[in-house]
Amino acid sequence: MIYVSSSCIKKKNIAKVIQELAENNISNIELSGGTDYYNGIEEDLSVLKQKYNLNYTCHAYFPPPQNPFVVNLAACNDEIYQQSINHYVHCIEMMKHLDCRILSIHAGFLIEISVDEIGKKLKCETVYDEDKAYDRFCTAYEQIAKMCLENGIDFYLENNVLNVASYEEFKEHNYMMMTDYDSIMKMKRQINFNFLLDLGHLYVSSNTLGRDYAQECEKLRKHVEWIHVSENNGICDEHKPLKKGSAILEEFYKMYAEPINVTVETVGSIEEILKGISLIKEKNT
């Protein structure tokens, strides 16, 4: 099944995003970050779901918190750690009311990240102890996985992106969990999870770490259970529209097959989003 991320449309009101997608015959929608909190979000989503017969999944930073912060289940800062767990407790409650049965989240970070750093060069003023951060992440992950199981929600874990600017700032230390095959397998040895592969994230991380992108994709292929796809320049995660003949789309075609679901995460016009969906469907033609 093909989903479109709500983050593809740059509007601050989630209801306006959903309506624009629905009016263009996009009914499978992944609720994601990029919009603002307001009272009545859940009711608006419920009304739109019924009106347009929509199918929702939920991803990472949704619903938007009333007081923005960076969700990090590996945080060794107790306040951030508990906020992050509470975010998903609230998210699952919302999902139950919306009859939304799929949740995906990002792997953790070994540093503290501020809201204004997301998508940009990251600083590393506070670096966590790696073993403690992994222990915290795994404990939080298992807690959320248990809640998902109890509520009939399928649960997925996504690879992070390590961009060139951040890696240089980190003095070539990798403070992001699950960026390449080796670190993804490191997590696999600690917890059992359904793997969501973001091909755009892997493309940037492979370039940053000097890995061969095609080889990384090949090694990960048998583990993939969901795909996020968008284009970028290999330096940072740009979420550009899909492009025929690109390295990312070519690897996608090698990997994509039923019953793997895919989410289009390209920022742009409705026309560009619909073109991306058409390119994905070419895999089966």
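Predicted model: local features only at pLDDT ≥ 70, side-chain atom pairs only at ≥ 80, totals over all residues.
1. The strands form a closed barrel of 8, in the order 1-2-3-4-5-6-7-8, and the pairing is parallel. From one strand to the next, the twist averages 30 degrees.

2. Strands 4 and 5. Strand 4 covers residues 102-106 and strand 5 covers residues 154-158; the two pair in the parallel sense over 5 bridges. Within this pair, Leu 103 is opposite Phe 155 of strand 5.

3. Helix 7. Residues 199-209 make up helix 7, which packs on the sheet. Helix 7 touches strand 5, strand 6 (194-198) and strand 7 (224-229). The direction of helix 7 makes about 65 degrees with that of strand 6.

4. Ser 5. This residue belongs to strand 1 (residues 2-5). Why does Ser 5 count as buried? Its relative accessibility is 0%, and buried means under 20%, so Ser 5 falls in that class. Neighbours within four places in sequence left aside, Ser 5 is in contact with Leu 21, Glu 30 and Ser 32, and also with Thr 263, Val 264 and Glu 265.

5. Largest cavity. The count of cavities of 30 Å³ or more is 2. The largest holds about 50 Å³ of space. Its lining includes Ala 60, Tyr 61, Val 71, Asn 72, Leu 73 and Tyr 88. His 106, Ala 107, Gly 108, Phe 109 and Phe 137 also line the largest cavity. By class, this lining has 8 nonpolar and 3 polar residues, with no charged residues. His 106, one of the lining residues, lies within the residue range of strand 4, 102-106.

6. Second largest cavity. The space here is about 40 Å³. The second largest cavity is lined by Val 70, Asn 72, Ile 80, Ile 111, Glu 112, Ile 113 and Tyr 128. These divide into 5 nonpolar, 1 polar and 1 charged.

7. Second largest pocket. The volume of this pocket is about 280 Å³. It is lined by 16 residues, of which Tyr 37, Pro 63, Pro 64, Pro 65 and His 90 are the closest to its centre. Helix 2 (41-52) and helix 3 (78-98) are the elements that give two or more residues to the lining. Which element gives the largest share of the lining of this pocket? Helix 3 does, with 5 residues. The class counts for the pocket lining are 8 nonpolar, 7 polar and 1 charged.

How values were computed: Residues numbered from 1 in each chain as written. Heavy atoms only, no water. Pairing = 2+ DSSP bridges. Helix = DSSP H or I, 4+ residues; strand = E, 2+ residues; numbered from the N terminus. Axes fitted to C-alpha atoms, helices over the stretch in contact; angles between N-to-C directions. Contact = heavy atoms within 4.5 Å. 1 Å grid on protein atoms, 1.4 Å probe; cavity = no way out; pocket = protein on both sides within 12 Å on 5 of 7 lines; lining within 4 Å. Points joined across faces, edges and corners; volume = space filled by probe spheres on them. Nonpolar A, V, L, I, M, F, W, Y, C, P; charged D, E, K, R; others polar. Buried < 20%, exposed > 50% of the residue type's maximum accessible area, 1.4 Å probe, protein only.
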